[in-house]
Structures are given as structure tokens and as C-alpha cells.
Amino acid sequence: MKTAIIYRTKHGTTDTVSRTMAQKLSADEVTLINLKKYPKPDLRDFGRIIVGGSIHAGAIQKQVKNFCKERLDDLQQKEVGLFICCMDRELQEKEFEDAFPEELKTHAKATGIMGGEFVFERMNFLERFIVKKISKPDHSVSEIDEEAIDAFVSRLQG
């Protein structure tokens with residue numbers, strides 16, 4: 001099945017997760033589409049659409065949210081997977097619920113919370129300051145959840 005992984009990344013974590021998914025879906029033809037570079041992708045050639053983004057200050061990127069709202073009808077005609085990358089384990093379920101329209105979550109064949117990263121080298125001074133103040137780490141931390149990615153891919157292929 002032709003698959004599009006449509007995502008938005010700020011510091012590269014969602015890109016990393018998307019590429020990992022693409023490798024695990026190697027039996028399929030997978031196209032990665034970054035909404036920053038391609039804000040209005042053509043969905044016609046794809047049977048499966050995976051949509052993902054990262055959570056910053058409790059919300060998914062506006063481009064992801066708008067894409068899902070604007071293309072809801074198109075997405076509901078496809079097999080869909082939805083995922084987020086986030087570091088706040090206490091709020092991750094709520095953040096996922098708030099990230100996507102209810103109709104799309106209900107329609108999705110697979111959903112996932114893939115963990116996240118704080119990549120200090122890719123953050124500006126203010127972002128580093130806020131992360132240190134709120135989340136406490138003072139260095140880069142990666143908590144990408146490989147098991148969550150495997151489970152997500154397995155649900156899509158099942």
C-alpha cells in the first residue's frame with residue numbers, strides 16, 4: 001500500500017520518528033512529507049496516511065492541526081494513523097486527545113504516543129531556558145519509545 005507520513009517537526013524528533021516508521025513499513029512504498037516544506041500535499045495516490053507532530057507548550061503544531069481540519073473529508077477516505085511526540089508523560093494522553101479532531105481519532109486504524117527528546121543543540125536560548133525551568137534537564141535527553149513505534153506499525157499492518 002502506498003503510504004504518506006505527513007508531519008511537522010520543530011527540532012527534528014518527529015522527523016526521526018517518521019523516518020523510523022518508514023523503515024519499519026519497508027514492505028510498503030512510503031513517502032515522507034514535511035508540512036513545513038509542503039503545506040498542501042496531494043493525497044490522491046496514497047491508500048494510507050500517517051499524520052504526526054510534536055507537542056510544544058501543550059499543543060501540536062498549528063500546521064498539523066489545520067491540515068487535519070482542512071483535509072478531514074479526504075483523510076476519512078483513507079486508512080489513517082495518528083501520532084505525537086512529547087516528553088510530558090503525565091499529560092501525554094490529554095495532549096494526544098487535543099491534537100486531532102475527534103472524527104479522525106475515531107477513524108484511525110492506529111494511534112501512538114512516541115515519546116520525545118529535548119535536543120538542546122537545536123533549541124534557542126529561550127527554549128533551553130524554558131525546558132530547564134519546567135522540565136528540569138540541563139542537557140539533551142532522548143526518550144523516543146521504540147516499542148510504541150513498533151506497536152503502531154504492527155497495528156497498521158495488521
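Biologist: Is methionine 114 buried or exposed?

Modeller: This is a predicted model, and in it methionine 114 counts as buried because its relative accessibility is 0%, where the cut-off for buried is under 20%.

Biologist: Nice. Where is methionine 114 placed in the secondary structure?

Modeller: Methionine 114 is in a loop, between strand S6 (110-113) and strand S7 (115-118).

Biologist: And which residues is methionine 114 in contact with, leaving aside neighbours within four places in sequence?

Modeller: Among them are Val17, Met21, Phe83, Ile84 and Cys85. The list also includes Ile144, Ala148, Ile149 and Phe152.

Biologist: How far apart in space are methionine 114 and serine 54?

Modeller: Their C-alpha atoms are 9.5 Å apart, while in sequence the two are 60 residues apart.

Biologist: Switching topic: where does threonine 3 lie?

Modeller: Threonine 3 lies in strand S1, which covers residues 2-8. Threonine 3 counts as buried too, because its relative accessibility is 0%.

Biologist: Which side chain is joined to that of threonine 3 by a polar contact?

Modeller: That would be arginine 48, at 3.2 Å. Arg48 is also one of the residues in contact with threonine 3 when neighbours within four places are left aside, and others include Leu25, Val30, Phe46 and Ile50.

Biologist: Zooming out, how many helices and strands does the protein have?

Modeller: Seven helices and eight strands. Of the protein's 158 residues, 50% count as buried.

Biologist: What about the accessible surface of the protein?

Modeller: The accessible surface is about 8,600 Å², and carbon and sulfur atoms account for 49% of that.

How values were computed:
Residues are numbered from 1 along each chain as its sequence is written. This is a predicted model: local features need pLDDT of at least 70, side-chain atom pairs count only at pLDDT 80 or more; totals for chains, interfaces and linings use all residues. Side-chain values use heavy atoms; hydrogens and water are left out. Helices (H or I, at least four residues) and strands (E, at least two) are DSSP runs, numbered from the N terminus. Buried means under 20% relative accessible area, exposed over 50%, partly exposed in between (1.4 Å probe, protein chains only). Accessible areas come from the Shrake-Rupley method with a 1.4 Å probe; for residues, only the protein chains shown count as cover. Contact means heavy atoms within 4.5 Å. A polar contact is a pair of N or O atoms within 3.5 Å; within protein, one must be able to donate a hydrogen and the other to accept it, and residues adjacent in sequence count only if both atoms are side-chain atoms.
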